[in-house]
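User: Hi! Could you walk me through this model and its ligands?
Analyst: Happy to, let's have a look together.

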Amino acid sequence: MNVVLLPGDGIGTEVMAQARKVLEAVLPGLTLTEHRIGGEAMVHDGDPLPAATLEACRNSDGVLMGAVGAGDYAWSGRTPEDGMFTLRRTLDVYANLRPFRSGEIDMLIVRELVGGLYFGERGTRPDGTVFDTLEYHPDQVERLLRRAFALAGTRRGRVTSVDKANVLATSRMWRETAERVALDFPDVELDHLLVDTAAMRLVQDPAGFDVIATENTFGDILSDVAAAMAGGLGEAASASLTDDGPGLFEPVHGTAPDIAGRDIANPTAMIRSVAMLLEHGLGQPDEAARVEAALERVAARTPTADRGGSATTSAFGDAVAGELLGVGVSDA
Ligand code: NAD
Ligand code: IPM
Ligand code: MN
């Protein structure tokens with residue numbers, strides 16, 4: 001099996017170095033190849049997603065990404081983030097799974113990732129008006145919701161579909177589609193929430209949610225709220241899946257320019273993304289569970305600064321890899 005590593009920019013490179021150690025410790029037989037994406041690729045290749053990177057990703061069994069987006073590339077007319085959008089879209093990884101667990105909280109946001117406001121027509125009219133459009137075909141919504149219902153069936157059996165049906169036509173179609181898909185999942189309960197109310201509930205009662213299924217932009221915003229309620233951005237991982245092809249596994253956080261280059265970022269979100277790669281991408285759920293267990297032991301012993309400790313990024317990564325190899329560390 002071969003896995004492509006895309007460190008990217010900022011703390012992306014720092015947390016990816018830890019993910020590599022963990023992958024090498026947990027599945028030594030894997031072939032790992034590193035490629036450029038984002039700002040780093042713009043500098044070296046003049047393209048935020050070089051052809052060689054895209055080709056390697058398409059031919060892989062899974063792609064691990066750090067984060068992209070640092071530096072000023074206004075001169076180029078493109079952004080590092082463009083590379084990530086093209087990658088998501090080309091791999092057609094429409095189902096973005098973002099689990100949040102902490103204390104009583106155990107929720108999964110299923111965010112539509114390759115449509116909606118991010119990918120609709122945009123431009124500038126002759127009078128200077130700038131526009132972005134939010135559009136969906138019902139098939140795009142249906143496949144996302146089917147995923148969400150199927151996942152809910154393996155959990156507590158509840159889907160909360162989040163929309164803005166009191167304003168948006170796409171949301172009214174989304175709601176109708178959810179009602180129709182629900183008929184095929186009699187064991188899963190469906191409810192609807194408007195996105196503003198959902199934001200409030202996430203803060204007031206995060207433990208009340210099981211699966212949240214929602215549009216691209218809504219899911220982006222709600223996942224940072226959920227992360228804040230469940231240990232912070234340093235802990236939140238994601239898996240972006242398609243029907244037949246490699247998945248993309250990346251933390252929810254970005255390049256964190258405010259802490260980059262200091263070896264203090266929390267690599268947990270990145271290492272949890274490795275666990276999601278093992279489970280959803282490589283069919284190795286036992287190895288995924290081993291990684292999660294190792295993470296828990298290290299976090300209890302030597303947390304990073306964002307979790308009230310003083311472990312460096314690299315020391316944390318070494319400790320997780322050490323747990324998996326069974327060397328050099330104890331639970332004492
Ligand atoms: P961010 O997620 O990079 O950082 C937000 C805050 O969380 C910062 O204070 C940061 O220090 C903290 N933080 C994030 N990850 C952390 C970690 N692992 N450990 C400890 N603290 C952590 O968001 P931002 O600053 O708004 O965005 C910076 C850049 O990252 C932007 O260019 C944005 O587009 C990009 N971005 C990329 C991705 C991605 O590649 N998937 C995701 C989000 C943002
Ligand atoms: C995320 C990020 C990206 C997104 C940014 C960097 C464009 O915030 O993965 O959550 O909005 O999808
Ligand atoms: Mn985001």
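**Aromatics and ligands**

Analyst: F85, Y118 and F119 form one aromatic cluster, where rings of Phe, Tyr and Trp (its six-membered ring) pair if their centres lie within 6.5 Å. Please keep in mind that this is a predicted model, where local features need pLDDT of at least 70, side-chain atom pairs count only at pLDDT 80 or more, and totals for chains, interfaces and linings use all residues. Residues are numbered from 1 along each chain as its sequence is written, chains are lettered from A and ligands numbered from 1 in the order in which they are written, and side-chain values use heavy atoms, with hydrogens and water left out.

User: How many aromatic pairs does a search of the whole structure find?
Analyst: The search gives 5 aromatic pairs.

User: Nice. What sits over the ring of Y118?
Analyst: The charged end of R111 does, 5.2 Å from the ring centre. A charge counts as over a ring if NZ of Lys or CZ of Arg is within 6 Å of the ring centre and within 35 degrees of the ring normal.

User: And which residue lies over the face of F131?
Analyst: That one is R125, at 4.7 Å from the ring centre.

User: Switching to ligands. Which residues surround ligand 2?
Analyst: Ligand 2 has E81, M84, F85, R88, R98, R111, Y118, D220 and V252 around it. A residue is near a molecule if one of its heavy atoms lies within 4 Å of it.

User: OK, ligand 1 now. Which residues come nearest?
Analyst: Of the 21 residues around ligand 1, those are E81, E250, G254, A256 and D258. A nitrogen atom of ligand 1 is 2.8 Å from an N or O atom in the E250 side chain, and an oxygen atom of ligand 1 is 2.7 Å from a polar side-chain atom of D258. The protein covers 68% of the 810 Å² of accessible area that ligand 1 has on its own.

User: Which elements give two or more residues to that shell?
Analyst: Strand 3 (63-67) and helix 4 (80-91) do. Helices (H or I, at least four residues) and strands (E, at least two) are DSSP runs, numbered from the N terminus.

User: You listed A256. Where is A256 found?
Analyst: A256 is in the loop between strand 12 (248-251) and helix 9. Although A256 is not a glycine, its phi is positive, about 40°. D263 is placed in the loop between strand 12 and helix 9 too, and has a positive phi of about 60° without being a glycine.

User: Last one: I271, buried or exposed?
Analyst: I271 counts as buried because its relative accessibility is 0%, where buried means under 20% relative accessible area, exposed over 50% and partly exposed in between (1.4 Å probe, protein chains only). I271 lies in helix 9 (residues 268-281).

Note on methods
Polar contact = N/O pair within 3.5 Å; in protein donor to acceptor, adjacent residues only side chain to side chain. Areas by Shrake-Rupley, 256 points an atom, 1.4 Å probe, with all protein chains shown as cover. Phe/Tyr/Trp six-rings, centres within 6.5 Å; stacked < 30°, edge-to-face > 60°.
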